[in-house]
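Please look at the sequence and the structure before reading on.

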Amino acid sequence: MKKNLIFIGMPAVGKSTVGVVIAKRLGMQFVDTDLLIQAQENRLLREIINDVGEDGFLKIENQVNRDVDVSNSVISPGGSVVYCEEAMQHFKEIGTIVYLKASYQTIKRRIRSPQKRGVVLREGQTFRDLYNERIKLFEQYADITVCEDGCRIEETIENVLSAVENSIR
């Protein structure tokens, strides 16, 4: 198996929640790159976005994710990492990319307020527009896709574990 598992997907698909449990079950470390960004910049994600705008944030996000140097880890980047080409190329090289997929309806139900969740929408962009734009990128980068519609968190975790085991056979 490649050294790491990298979870990608929309906000609220459970990249961090599922990631922590998977890391525990597989005896791996867990890395949340949003926390690395906050530590490097010494402020909250929303403060960074307010200060440097979306493009500035993506530059920082690309740099932090591109520079992640770990092995035997589950890595959970922010949903916008798929806009960061260098970071995604790096992840392809250091691990297996697992796309946690959920329908727009599932995500909308989980995220009542995208803004409070720190989801950045461009001028005139709806949350559905953002969803449609990102799923193409998630699908493009994914080595493994696990659909979690209608699944409880425990089922998603089992589905991920079984998909990962099957991919290394």
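How many bridges join β4 to β5? The model is a predicted one, and in this model the two strands run parallel and are joined by 4 bridges. Within this pairing, Tyr99 stands opposite Thr145 of β5.

**The sheet**

The pair belongs to an open sheet of 5 strands, arranged in the order β2-β3-β1-β4-β5 with parallel pairing. β2 (29-32) and β5 (144-147) are at the edges, and each has a single partner strand, so one side of each has no neighbour in the sheet. On average, neighbouring strands are turned by 20 degrees against each other, with direction ignored.

Strand β3 (residues 73-76) pairs with strand β1 (residues 4-8) in the parallel sense over 2 bridges. It also pairs with β2, again in the parallel sense, over 4 bridges. The table lists some bridge partners in this part of the sheet.

| Residue | Bridge partner in β3 |
|---|---|
| Leu5 | Val74 |
| Ile6 | Ile75 |
| Val31 | Ile75 |

The side chains of the strands can be sorted by the way they point. In β3, Ser73 and Ile75 point one way, Val74 and Ser76 point the other way, and all are buried. In β5, Ile144 and Val146 make up a covered face, while Thr145 and Cys147 make up an uncovered one.

**Helices on the sheet**

Helix α2 (residues 33-41) packs on the sheet and touches β2 and β3. The direction of α2 makes about 60 degrees with that of β2. Helix α4 (residues 85-94) lies across β1, β3 and β4 (95-101). Relative to β4, helix α4 runs at about 115 degrees.

**A pair of helices**

At what angle do α1 and helix α7 pack? The angle between α1 and helix α7 (residues 153-167) is about 55 degrees, and their axes are 10 Å apart. This angle makes α1 oblique to α7. The crossing of α1 and α7 is right-handed. On the side of α1, the contact is made by Thr17, Val18, Val21, Ile22, Arg25 and Leu26. On the side of α7, the contact is made by Ile153, Thr156, Ile157, Glu158, Val160 and Leu161. The residues of this contact divide into 8 nonpolar, 2 polar and 2 charged.

Most residues other than glycine have a negative phi.

Ala12 lies in the loop between β1 and α1 (15-26). The phi of Ala12 is near 80 degrees, a positive value in a residue other than glycine. Is Ala12 buried or exposed? Ala12 counts as buried because its relative accessibility is 13%, and the cut-off for buried is under 20%.

Asn72 is found in the loop between α3 (45-66) and β3. Asn72 is not a glycine, yet its phi is positive, at about 50 degrees. With a relative accessible area of 38%, Asn72 is partly exposed.

Conventions: Residues are numbered from 1 along each chain as its sequence is written. This is a predicted model: local features need pLDDT of at least 70, side-chain atom pairs count only at pLDDT 80 or more; totals for chains, interfaces and linings use all residues. Side-chain values use heavy atoms; hydrogens and water are left out. Two strands pair if DSSP finds at least two bridges between them. Axes are lines fitted to C-alpha atoms, for helices over the stretch in contact, and angles run from 0 to 180 degrees between N-to-C directions. Contact means heavy atoms within 4.5 Å. Buried means under 20% relative accessible area, exposed over 50%, partly exposed in between (1.4 Å probe, protein chains only). Angles under 35 degrees count as roughly parallel, over 145 as roughly antiparallel, 65 to 115 as roughly perpendicular and the rest as oblique. A crossing is left-handed if the near helix is turned anticlockwise from the far one by less than a right angle, and right-handed if clockwise. Ala, Val, Leu, Ile, Met, Phe, Trp, Tyr, Cys and Pro count as nonpolar, Asp, Glu, Lys and Arg as charged, and the others, Gly among them, as polar.
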